[in-house]
Amino acid sequence: MAEINWKRKDGAEPMETVERAGVPYLRFPALEETGLVIHGFSTRLGGVSRGCYSSMNLSFTRGDDREAVEENYRRMAAALGVETESLTLTWQTHTVNVRKVTWEDRGKGVSRERDYRDVDGLVTDVPGITLVTFFADCVPLYFLDPVRRAIGLSHSGWRGTAARMGQKTLEKMRAEFGTDPNDVIACVGPSICGDCYEVGKEVAAVFAEEFGPRWEREILRPGVRPGKYQLDLWKANEAVLLEAGITPDHLHVTDICTCCNPDYLYSHRKMGEKRGNLCAFLALKSPFFGQKYL
C-alpha cells in the first residue's frame, strides 16, 4: 500500500487505512469487527479523474467526465467487494429527509436513474444494497443495528447537524425496523474538524440556541478573527447521538479531518468549488456470514 501520512486529531478514535485493488479507503474497526457490514470512506486516491477532480472523484454533478466517474465507482466497488449495481445514492440538498431503501431502489444513482431527490439519509434492512452518501467536509454518520439487522447512512453538514440529522435517522430506523438506539453502533466519519471550521455569528447563534449551555462550550469557541467562532461538528453530532439514545461505548468518532488532509481528501473549505467529492459506503452482509452478534 502506498504510504499515507495522515494528519490525525489527538484523542479521537483511530481509523484504519485499507487498500484493495489499488484503491485505498478508510474504515472503522468498530464496524468491521461486527462482521455484519461492508463499509468504507473513500479518499482522493486510486481513481482516473484528472485536474482538480484528481483522482477518485465520485460526483457526477461537479463537471467531471461521466465515464471517469463511472470507472471510479467500479474501482471503489471492487475495492469494497460489492457489486457496482448495488450502489444506491442520496440526492443531497442539506435536508434531514431520510429514505428507506428497498430492493427496487438498488443501483439508483449509478446504474439506474434516481426517481427521488432532497434525500440526505438512507436506511435499509436488505442485504446486497450499498448505501452511498457524498462529502467534502460535511459529516458522514454510519449506523448499524445488530439486533434488527438494519443500517443507516446520513449526510450531516452544519444545517443537518443543527436540525439533528443523527436523531432523525435513528427515528426512521425505529419506525421502519423497530430499532432501539441503545443497540446501535454509530460512527462519526471523516469531516472538517473544529480547529478548521470557522463560522460567523449567525451560524454560531443557531448552535448556541439549539444545544444550550450543556454542550455550547464544547461545540463553540471564539475564533482567531473578531466575530468568528470555531464550530466542532464532531462534538455536536456526538451530542445529538448521545441524546438520541446511543450509548457512549457504541459511539465512535473519527480522527481524520478532511481540511487537514487535502492531499488525500477533498475539502470544500480548502479547495472551494473546483474539486471532487468523497463518498461513504455501507452495506449489510448476508446473514450467512460468520458474525459476532448472533
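This is a predicted model: local features need pLDDT of at least 70, side-chain atom pairs count only at pLDDT 80 or more; totals for chains, interfaces and linings use all residues.

**Exercise 1.** Work out what span helix 4 (residues 165-177) should have, and compare it with the model.

*Solution.* Start with the length: helix 4 has 13 residues. The expected span is 1.5 Å times one less than the number of residues, so helix 4 should span 18 Å. Now check the ends: the end C-alpha atoms of helix 4 are 18 Å apart, which agrees.

**Exercise 2.** Find the buried residues of helix 4 and decide how they are arranged around its axis.

*Solution.* First, list them: Met165, Gly166, Thr169, Leu170, Met173 and Phe177 are buried. Next, look down the axis of helix 4: these residues fall within an arc of 140°, so they line one face of the helix. Here is the general idea: an α-helix has 3.6 residues a turn, so residues three or four places apart point the same way. Finally, see what covers the buried residues of helix 4: among the elements are strand 8 (139-145), strand 9 (150-156) and helix 6 (233-243).

**Exercise 3.** Describe the salt bridge between Asp255 and Arg8, and the surroundings of each partner.

*Solution.* Begin with the distance: the closest N and O atoms of Asp255 and Arg8 are 2.7 Å apart. Then place the partners: Asp255 is in the loop between strand 14 (251-253) and helix 7 (268-271), while Arg8 is in the segment before strand 1 (16-20), 247 residues apart. Arg8, at 36%, counts as partly exposed.

How values were computed:
Residues are numbered from 1 along each chain as its sequence is written. Side-chain values use heavy atoms; hydrogens and water are left out. Helices (H or I, at least four residues) and strands (E, at least two) are DSSP runs, numbered from the N terminus. Buried means under 20% relative accessible area, exposed over 50%, partly exposed in between (1.4 Å probe, protein chains only). The arc is that of the directions from the helix axis to the C-beta atoms. Contact means heavy atoms within 4.5 Å. A salt bridge is a side-chain nitrogen of Lys or Arg within 4 Å of a carboxyl oxygen of Asp or Glu.
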